[in-house]
Amino acid sequence: MTARLLTGRIVAVLVLLGALVAACSSAKAQSEHPAGPGDDNAPANQAGAASGSAGSGPSGSAGPGPSGSAGTRPGPGLPGMPPLLDPHDVYAADRPGALAEQVRNDPARIYVPNLGSDTVSVIDPATFKVIQTVKVGGGPQHVVPAWDLRTLWVNDNTGNALVPIDPATGTFGKPVPVDDPYNLYFTPDGKYAMVMSEARHKIVFRDPHTMAIVRELTVNCSGVNHADFSPDGRYFIATCEFSGDLIKVDVARQEVIGQLHLTGDHAMPQDVKIAPDGNTWYVADMHTSGVWIVDGDRFTVRSFLATGAGAHGLYVSRDSKYLYIANRGEGSVSLLDFATGKLAAKWHIPGGGSPDMGGVSADGTVLWLSGRYNGEVYALSTADGHLLARIKVGTQPHGLCIWPQPGRYSLGHTGILR
């Protein structure tokens, strides 16, 4: 055997030994970090996650980006967008009782779309009673306030229509043909409606009054359905439930400028909400059972916070102090303290339930949530979470809308007002 051949074999053995040591170290690290709740395979701790209560859960990493144009810096507001009342609190216009002039005389109602019954239940919040049940075309998903607050739109998903409700009278109008309206948003300047066409892999920009198509944006992800907007209104972040992605879209250009894949065992991002200070975004994940904490400007994941099984809907308290997180899979609501970034409490619905989507009453005292798989609506006291009422409605109630709500204009969903 020549010296050169012997040396080559020694080097090969050393390389193999090094690889085996690295693999054993990796396996040991994996075993020391068990899977987070709701996630069978993902390591519990993300490298570089924040200390404290955040950071326990599946890891997050970039998919196709965040690089290049995905990173943005706060700037002057989108032209035509009403300026924030407080640059340090995007929800400053949503204080208890701060109703816009045009909605002050609208009757207080809870509009509940029943996906499985093809109906909308109308609840009087003063009596906790259903006072009307209205048949709609097919598969109503959400009831959405228009930008100008003068129409509530029923997203008749499989019926391929938006059904208008006059909030001043509660009258249901003639359906407007719209293809695949799973969810509905409005650009902060009020120029466009944005139909989240989940099945078509599109965000369709439309005239906000006639719903005529202006532009169709095809997205490279599956299940695009929920969104929220930056404080300056120049971009929004949308969730793609079935592919486990987030996308960042430039509002003025109507173009995707970044895509971020949430790693873990089948991440399923749902609702998304920005913190009052505009620096942090929270993304509910139904499968990993918590919220991803995201830097929207840099478009990166900071950490993950476990909240409860089936984390789904996200709603901000009227004083901008707490984020209510509906844990649909376990019948609970977690409270996140914006000041500390930690969980402050968890409220369990007596006897269980499936809290999904909803919102906070105009006076801030009641959290209303649909019970998706129980055919009911929950009214919870925001003082301590105790159950005020459990109201039977139709089958699979989904994105209910409380009306009226404080705020000057609507960005959509069940009521993102600013």
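Trainee: Which element gives the largest share of the lining of the largest cavity?

Mentor: Strand β25, with 3 residues. Strands here are DSSP runs of E, at least two residues, numbered from the N terminus. Before we go on, note that this is a predicted model: local features need pLDDT of at least 70, side-chain atom pairs count only at pLDDT 80 or more, and totals for chains, interfaces and linings use all residues. Residues are numbered from 1 along each chain as its sequence is written, and side-chain values use heavy atoms, with hydrogens and water left out.

Trainee: What counts as a cavity, and what as a pocket?

Mentor: Take a 1 Å grid over the protein atoms alone. A cavity is a set of points where a 1.4 Å probe fits but cannot get out. A pocket is an open set with protein on both sides within 12 Å along at least five of seven lines. Lining residues have an atom within 4 Å of a point. Points are joined across faces, edges and corners, and a volume is the space filled by probe spheres set on them. This structure holds 1 cavity of 30 Å³ or more. The largest cavity has a volume of about 200 Å³.

Trainee: Which residues lie nearest the centre of the largest cavity?

Mentor: D94, V316, R318, Q405 and G415, out of 16 lining residues. Two elements give two or more residues to that lining: β21 (311–316) and β25 (355–360). By class, the lining has 7 nonpolar, 6 polar and 3 charged residues. Nonpolar covers Ala, Val, Leu, Ile, Met, Phe, Trp, Tyr, Cys and Pro; charged covers Asp, Glu, Lys and Arg; the others, Gly among them, are polar.

Trainee: Is β21 mostly covered or open?

Mentor: Covered: 6 of its 6 residues are buried (under 20% relative accessible area, 1.4 Å probe, protein chains only).

Trainee: How does β21 pair with β22?

Mentor: Two strands pair if DSSP finds at least two bridges between them. β21 and β22 (residues 322–327) run antiparallel over 4 bridges. V316 has L323 as its bridge partner in β22. The hairpin has 5 residues between the strands, and S320 takes a positive phi near 65°.

Trainee: What is the strand order in the sheet that holds β25?

Mentor: β25-β26-β27-β28, an open antiparallel sheet of 4 strands. β25 and β28 (387–392) are the edges, each pairing on one side only. Inside the sheet, 6 bridges join β26 (residues 366–371) to β27 (residues 376–381). S370 stands opposite V377 in β27.

Trainee: How much space lies in the largest pocket?

Mentor: About 250 Å³. Its lining has 18 residues, with P74, G75, L84, P231 and D232 nearest the centre.

Methods:
Buried means under 20% relative accessible area, exposed over 50%, partly exposed in between (1.4 Å probe, protein chains only).
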